[in-house]
Amino acid sequence: MVGAPAPVRPPPEVVRAPAPDRPATPAPGPVLDDPATEANRVTSQVVEIALASIGTPYVWGGTGAGGFDCSGLIQYAYAQVGILLPRISRAQIGSGSPVAPDPRLLRPGDVLGFTEDGDGATDHVGLYVGAGEFIHSSSNGVRVSDLSNPYWRQRLVAARRIVD
């Protein structure tokens with residue numbers, strides 16, 4: 001006859017060995033109210049919202065599920081988490097904090113500014129989703145593109161961090 005399993009007991013609190021001149025402190029646990037963790041949670045939601053729009057058609061001036069233009073997609077994704085951004089791409093790229101437009105420094109949720117006519121002024125925006133990719137609404141609708149593509153790499157002129 002097999003007996004009942006032994007009750008599971010919680011492990012004792014882990015305590016670091018004290019340094020000679022310092023008292024013992026509990027081992028680190030989850031940090032509550034960590035601003036970086038909250039920023040990651042919010043930007044992850046923004047990215048998920050934008051990615052859920054893949055395939056939505058391009059509509060000039062579009063700001064909703066019926067169709068988006070580039071800045072309408074960014075404004076919509078951020079608005080769903082309660083962050084209001086300006087409507088047009090040149091104003092959006094003035095929001096938040098500047099980040100060097102270097103893919104190695106970008107974080108998911110960063111707004112990317114592109115110049116399509118080569119004058120250096122932002123006239124197209126996208127949302128960095130990670131792994132060198134960004135989502136945007138182009139003439140083919142909402143899609144993910146690769147920043148390593150020479151077309152986009154040469155046109156990336158600005159990046160902004162909305163949630164820090």
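How many bridges join strand β4 to β5? The legends below answer this and describe the surroundings of β5.

**View 1. The model and its confidence.** This is a predicted model, in which local features need pLDDT of at least 70, side-chain atom pairs count only at pLDDT 80 or more, and totals for chains, interfaces and linings use all residues. Residues are numbered from 1 along each chain as its sequence is written, and side-chain values use heavy atoms, with hydrogens and water left out. The chain averages a pLDDT (the predictor's confidence in each residue, from 0 to 100) of 84. Over residues 1-32, pLDDT stays under 50. Where pLDDT is low, the predicted coordinates should not be read in detail.

**View 2. Strand β5 and its partners.** Strands (E, at least two residues) and helices (H or I, at least four) are DSSP runs, numbered from the N terminus; two strands pair if DSSP finds at least two bridges between them. Strand β4 (residues 111-114) is joined to β5 by 4 bridges and runs antiparallel to it. F114 has H124 of β5 as its bridge partner. Between β5 and β6 (residues 133-138), also antiparallel, there are 3 bridges, and L127 is partnered by I135 of β6. A131, in the hairpin of β5 and β6, takes a positive phi near 55 degrees.

**View 3. The whole sheet.** An open, antiparallel sheet has 6 strands in the order β3-β8-β4-β5-β6-β7. β3 (97-99) and β7 (141-146) each have a single partner strand, so one side of each lacks a neighbour in the sheet.

Note on methods: Contact means heavy atoms within 4.5 Å.
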